[in-house]
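User: I would like to learn how to read the features of a structure, one at a time. Please take me through this one.

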Amino acid sequence: MNTGTGADAGKADAGRSAASNLRVDGARLWDSLEAMARIGPGVAGGNNRQTVTDADGEARRLFQRWCEDAGMTMQVDRMGNMFMRLEGADPSADPVWMGSHLDTQPTGGRYDGVLGVLGALEVVRTIRDRGIKPRRPIVVVNWTNEEGTRFAPAMLGSGVFAGLHDEAYANARTDAAGLRFGDELERIGWRGDQPMGGRPIHALLEYHIEQGPILEAEGRQIGIVTHGQGLWWLHLTLSGRDAHTGSTPMAMRADAGLGMARIIEAVNRIALDHQPGAVGSVGHAVLAPNSPNVIAGTARMTIDLRSPDAGKLASMRERVEREAAGIAAALGLALTVEVTGHFEPVAFDPALTALVRDVAGRLGLSHMDIVSGAGHDACWINRIGPTAMIMCPCVGGLSHNEAEEITPDWAAAGCDVLLNTALELAGVAAGERNSG
């Protein structure tokens, strides 16, 4: 991608002059978010629309209808990734991509991922309303299984697309009930016929809520994401011995639950030892047989380690595995460790992030550079094409929670940045003018 020299610079100038002050229809965007939230409702105002469930299939059909009404055509690949294309004046030009994901956590909010998909749709709707013909095609994408909550690892659809995983591995992933990802994708009718990868990308923009408290605390409307944290997900299984809690002496136990507790404490301590800019926690833990009067013979947990510093990330993983092995040995437990998710720290495209920063400034929006604490599909696509992320605040930094909240003004402001950045990247066909 070239954003500043030669012919491309002239095309970018044309896009800027035609569309640099455009605004989206914030009310329409908010209505779309509210309508999508009615599919797969949670129990406390949020959503439970996990990947490749019936609710996911219903959400995809609504998104398809909205996109086709906005003049886009659809292709779906073998992982169920949806590519909605608005044709450009030059169909042979590499497209500008925008998008995120529609799947949610089991107790997810209404905006995580969804804002990026429907914000991209709103960009296309606005372009059509204004009679603008972009020079490059525009592709709005819904990536499959970004959350990874039902089928680990996270960002599975984009990971296969970018060549991080193969299709057989993805199709064989199982959920807690033993159902296979590939079978469930077939069941809901969203396995496409398009091959994985190989699609040209001029640039990809992902719009997302921050999922943290920094933007709100700093009073900024826009976050320009310069880097993404690296991550290790380590799934640990401790195997001890089921035994009666009342009749087994303390010194004769092989208590997997105790091992789990000590490892959880160690994860917290290790993350604190790697400050600043490192986090670690255990958010998934299961004891078996999980009975009040049986010492747990098996404990399973997933450890989440993150840092934008590759050295700290590697150090935390090494210490966690070493200390977990020591804890298990001291308690007479067997230990297995499986890596279920990993990516190195990400540096997003400097030219794209500079463009996003410039657009936010020209629109008069308060903004700041930020490091994303969460993983996103853009982290994988960054490996195969220029990528940038735009973030809006969320109330209290709360996410992966049904109480997740943003404001209509925040949603619209970030979408305005997405719109104008996308148009500068796509250019405007000769003779086209902004009708507004």
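**Domains and their contact**

Analyst: The chain splits into domain 1 (26-229 + 345-426) and domain 2 (230-343), with bounds from an automatic or database domain assignment. This is a predicted model: local features need pLDDT of at least 70, side-chain atom pairs count only at pLDDT 80 or more, and totals for chains, interfaces and linings use all residues. Residues are numbered from 1 along each chain as its sequence is written, and side-chain values use heavy atoms, with hydrogens and water left out.

User: How many Å separate the C-alpha centres of domain 1 and domain 2?

Analyst: The C-alpha centres of the two domains are 33 Å apart. Domain 1 brings 14 residues to the contact and domain 2 brings 15. Contact here means heavy atoms within 4.5 Å.

User: What area is buried between domain 1 and domain 2?

Analyst: Interface size is often given as the accessible area lost when the parts come together. Here about 1000 Å² is buried between domain 1 and domain 2, and carbon and sulfur atoms give 65% of that. Buried area is the accessible area (1.4 Å probe) that two parts lose on being put together, summed over both. On the domain 1 side, Gln229, Pro345 and Trp380 lose the most area to domain 2, together 52% of what that side buries.

User: Which classes of residue make up the side of domain 1 that touches domain 2?

Analyst: That side has 7 nonpolar, 5 polar and 2 charged residues. Ala, Val, Leu, Ile, Met, Phe, Trp, Tyr, Cys and Pro count as nonpolar, Asp, Glu, Lys and Arg as charged, and the others, Gly among them, as polar. Between the domains there are 0 salt bridges. A salt bridge is a side-chain nitrogen of Lys or Arg within 4 Å of a carboxyl oxygen of Asp or Glu.

**Salt bridges**

User: How many salt bridges does the whole structure have?

Analyst: Side chains of opposite charge can pair when their charged atoms come close. A search of the whole structure finds 24 salt bridges. One is between Glu122 and Arg28, at 2.9 Å from N to O. Glu122 lies in helix α4 and Arg28 in helix α2 (residues 26-37), so this pair ties together parts that are 94 residues apart in sequence. Helices (H or I, at least four residues) and strands (E, at least two) are DSSP runs, numbered from the N terminus.

**Annotated sites**

User: Where does UniProt place the feature "binding site"?

Analyst: The unreviewed UniProt entry puts one such feature at His101, Asp112 and His208. These span 108 residues in sequence, yet no two of their C-alpha atoms are more than 9.8 Å apart, so they gather at one spot. Another "binding site" annotation in the unreviewed entry covers Asp112, Glu147 and His400. Those residues are spread over 289 residues of sequence but cluster in space, with a largest C-alpha distance of 9.7 Å. UniProt positions follow the numbering used here, feature names are shortened, and annotations may be inferred rather than shown by experiment.

User: Which loop holds Asp112, and which holds Glu147?

Analyst: Asp112 is in the loop between β3 (96-101) and α4 (114-129). Glu147 is in the loop between β4 (138-143) and α5 (156-161).
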